[in-house]
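I am opening my notebook on a new structure.

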Amino acid sequence: MRVIAVGDDDQNIYAFRGSNSIHFESLLQEPGAKKYELVDNYRSSANIVEFANQFAKNISRRLKTTAIRPSRKENGSVIVCKLDSENITIPVVNHALNVKLSGSTCIITRTNEEALNIAGMLLKNGIAARQIQTNSDFSLYNLVELRDFINDISTSDDDYAIADEIWQKAKNNLSKKYSNSDNFPGVVKLVNDFEETNNKTKYKSDFRQFVRESRLEDFISNSEGSILVSTIHQTKGREFDNVFLALGRFSRNG
């Protein structure tokens, strides 16, 4: 029997669920165990990766021995601010109001309460803001936009695959009927993501399964012109052009 464990001890943010890199350490004690480090970063600018490398040196019992390598050569902007107040909401919002931002933006907090307060204050100051919230108990099948789309691609029960003309017609109907819906950008992103990974043959059963396994918050558009606000846990795996880490009561030894 072969055991393959995959993870990143630099991103051990689910300790409250029992996640701990000590499990990796115990596996590495087994005879014949080998460790492979994946250190290429394809998302972040070069100086941001270097900043993260310097920060990661303070992580106790870190398993990695090789520095992360940036694939991108251009530099981004890193600004570190120390606040005297424990109330992080006001200074973070003021900073977001006073800088010129382009592209997608997300303010990341520790708690849902902080995220709610920041989103509310941004809205109060006339800035479009949206809080990313978990919808683990919500099925995307409950969205009328997706129900209609599935009905449109299921016109013939005899065919397992979706003909290109039927798929395109369903997309056109989606745009005509729901372009003004708040859910429209997320539904379009879901449809496009499925299309990109199934660009040859699209099967009805595959699309239904894709919808079942997807979450609404995974398809919030980053280009809606609003600032997204979220906890650290709910941003894992996402990308933004501008990121504010609003970390109150911060400890370098955490």
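**Entry 1: the core.** I looked up the largest nonpolar core, which has 18 residues. L146, F149, I153, W167 and F207 touch the most other members. I noted that the model is predicted.

With five residues, α7 gives the most.

**Entry 2: one residue.** I picked F149 and left aside its neighbours within four places in sequence. What is F149 in contact with? I found W167, A170, K171, L174, V191 and F207.

**Entry 3: a helix pair.** Next I took α7 and α8. Two packed helices are described by the angle and the distance between their axes. I looked up both values. The axes of α7 and α8 come within 11 Å, and they cross at roughly 130 degrees.

Why do I call α7 and α8 oblique? Roughly antiparallel needs an angle over 145 degrees, and roughly perpendicular covers 65 to 115. The crossing is at roughly 130 degrees, so α7 and α8 are oblique to each other. Its hand is right-handed, as α7 passes α8.

**Entry 4: who meets whom.** From α7 I listed L190, V191, D193 and F194. They meet D206, F207, F210 and V211 in α8. I sorted this contact by class: six residues are nonpolar, two are charged and none is polar.

Definitions and conventions
Residues numbered from 1 in each chain as written. Predicted model: local features only at pLDDT ≥ 70, side-chain atom pairs only at ≥ 80, totals over all residues. Heavy atoms only, no water. Core = buried A, V, L, I, M, F, W, Y, C linked by side-chain atoms within 4.5 Å. Buried < 20%, exposed > 50% of the residue type's maximum accessible area, 1.4 Å probe, protein only. Helix = DSSP H or I, 4+ residues; strand = E, 2+ residues; numbered from the N terminus. Contact = heavy atoms within 4.5 Å. Axes fitted to C-alpha atoms, helices over the stretch in contact; angles between N-to-C directions. Parallel < 35°, antiparallel > 145°, perpendicular 65-115°, else oblique. Left-handed = near helix turned anticlockwise from the far one by under 90°. Nonpolar A, V, L, I, M, F, W, Y, C, P; charged D, E, K, R; others polar.
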